[in-house]
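Subject: Handover of a structure

Dear colleague,

Please find the structure below.

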Amino acid sequence: MSRYESIDKILKVSIKFYLTQLVDISLNQRARGEKEMGNCISGDVGGGKQAIGGVQGRPTANNNAGHNDAVDHFFRARGQNPLFTQIELSISASKLRDRDITSKSDPMTILYVKKRDGTLEELGRTEVILNSLNPAWIEKINVAYQFEIVQHLVFRIYDVDTKFQGIPVKALKLNEQEFLGEATCVLSEIVTKRNRSLTLNLHSRNGPGGSRNLGTLTVHAEENFSSRMAVEMKLRCSQLDNKDMFSKSDPFLRISRLLESGNSVPICKTEVINNNLYPVWRPLYLSMQQFGSKDNPLLIECFDFNSNGDHALIGKLQKSVSELEELYKDRSGANLVFPSSRGQEKVLKGQLFVDEFIEKVQFSFLDYISSGFELNFMVAIDFTASNGNPRNPDSLHYIDPSRRLNSYQQAIMEVGEVIQFYDSDRRFPAWGFGGRAYDGTVSHCFNLNGMNAHEVEGVEGIMAAYANALHNVTLAGPTLFGHVINTAAQIAGQTISNDITKYFVLLIITDGVLTDMQETMEALVRASDLPLSILIVGVGDADFKQMEILDADNGHRLESSTGRLATRDIVQFVPMREVYSCRISVVQALLEELPGQFLSYMRSRDIKPVNA
């Protein structure tokens, strides 16, 4: 940068700061880009100048795409869940018990979700079907499917007394109806079936068992069409107001969904176009999950970028997706407006145009899973000496006689309980690293069960192998990730040529600081081309800044020593101490990116669901 360019930049920032002081306080706060969200959005590569959420073919709905740090941060900061996939459940039953004397039972089904504290929350009710022991209800019940949560469902069937049949089902008191039976399952069990249908045996409230046959209940899941729907748009502006003294503005757009409360939820932003009052942005993608429906209003704001996050509002407008489509069809523009201190809006010369508008249907995560694609779970456990002697209660590896789980056990159980439903044979490779293994040598990738085969049976098998290894492996060191990552990558790489339906998930649980950081980065860059994601849980009080670098959530892709960039982000890291402080759930934090990473791999190689 020349001396004059530096002076120009300093003057630009100084004058912009001075000018903003002259604006009414409320407008000043608005023009600062609403720092709570603006600074979060600007935290990506290039000082915030790159687009976030929805450009370059990456729609941002939670189960439909790549990760959106800005949007996810917005939700998490408010204790809300990110976007989810709407599932519609159809229910039927057969061979129900007949509880009526002069006719057959009149059944109705109620669906509950079991919450973490064991209480039941009602999600919906079917209609009542008269005189039927083999009902097929027409009324569907919607469920919000979240991959990262084990969602326990409870179905209860009641025979509705004839004297209540004129009353709406929502108003029926269940203690006045006759109980016919209940069935339980996990939502993942339904959506992972090839035909997305699951048949369950009905049982009494006391649970399965007993000789009485209460019939069966069948549940079929259909994904809401909106979770597959996306819109691609190419936006541009003309005659924007200039916010700079010695150069032109550096504009970008931020698009938010307006809520009934009047608040807005940011869903994406474009990249920054430098020094241009007639910007043309790269195409952006919005899924219907993001904007709700084509008639929902969207807030489109145009800002002049500043690297300190103090972005100046150039203008804004409200348009629904349908209205944006009309702009495209009419080849017309919509004027931006700017709020004034008098509460009125000034209509500006600047206009927004839609140069391209394409509606698309994309395959979703569940499209792949229900057609036979699987997530194959693998785990690697840290056996370095920094964990402390497993016999001492202050050790991270201490097995509590009261069966209170240590951090390693908790991570294995919680992550494994989610992923196990997506792996049909439930045979999981399990390794240890950093310990003096069964043959007496220090190994950085040894079979956890001490046998030649690295696979164990189910999550319970991992737990048993881990507990057994603590009696037979001497803690050593140092902490190296490269060996286990390369081993997992080798397994993932071997499947590419003969089975495209397998995607691998490696869970690494560690307490230490890496001593092979560069080797680990090299291994991750190579592995980014493979069907593999890596989840890292940090236990204990170590400094985990290295793990945050590997996670690459700051937008900086990992780079090898030869300058090769990772093709995609395949790492997600969470420290267990945040879990213990109740700030986050380890499962949600670790797994929320996984469907997006899975889809980014499949789409980048144009791999479609089986029999698509």
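Helix α11, residues 482–495, has 14 residues and should span 20 Å at 1.5 Å a residue; its end C-alpha atoms are 20 Å apart, which agrees. The expected span is 1.5 Å times one less than the number of residues. Helices (H or I, at least four residues) and strands (E, at least two) are DSSP runs, numbered from the N terminus.

This is a predicted model, in which local features need pLDDT of at least 70 and side-chain atom pairs count only at pLDDT 80 or more, while totals for chains, interfaces and linings use all residues. Residues are numbered from 1 along each chain as its sequence is written, and side-chain values use heavy atoms, with hydrogens and water left out.

His-444 lies in the loop between β20 (442–443) and β21 (446–447), and counts as buried because its relative accessibility is 14%.

Helix α9 (residues 407–419) reaches 18 Å from its first C-alpha to its last, close to the 18 Å expected for its 13 residues. Of these 13 residues, 10 are buried, including Tyr-408, Val-415, Val-418 and Ile-419.

A nonpolar core is a set of buried Ala, Val, Leu, Ile, Met, Phe, Trp, Tyr and Cys residues joined through side-chain atoms within 4.5 Å. The largest such core has 83 residues, of which Leu-89, Phe-365, Leu-375, Phe-383 and Leu-591 touch the most other members. Helix α10 (residues 458–472) gives the most to this core, with seven residues. Leu-591 touches Val-415, Val-418 and Ile-419 of the sequence, as well as Phe-147, Glu-148 and Leu-535, not counting residues up to four places away. A second, separate core of 37 residues includes Leu-284, Cys-302, Phe-303 and Leu-324.

Over the whole protein, there are 16 helices and 26 strands, and buried residues make up 54% of the 612 residues.

Yours sincerely

Key: Buried < 20%, exposed > 50% of the residue type's maximum accessible area, 1.4 Å probe, protein only. Contact = heavy atoms within 4.5 Å.
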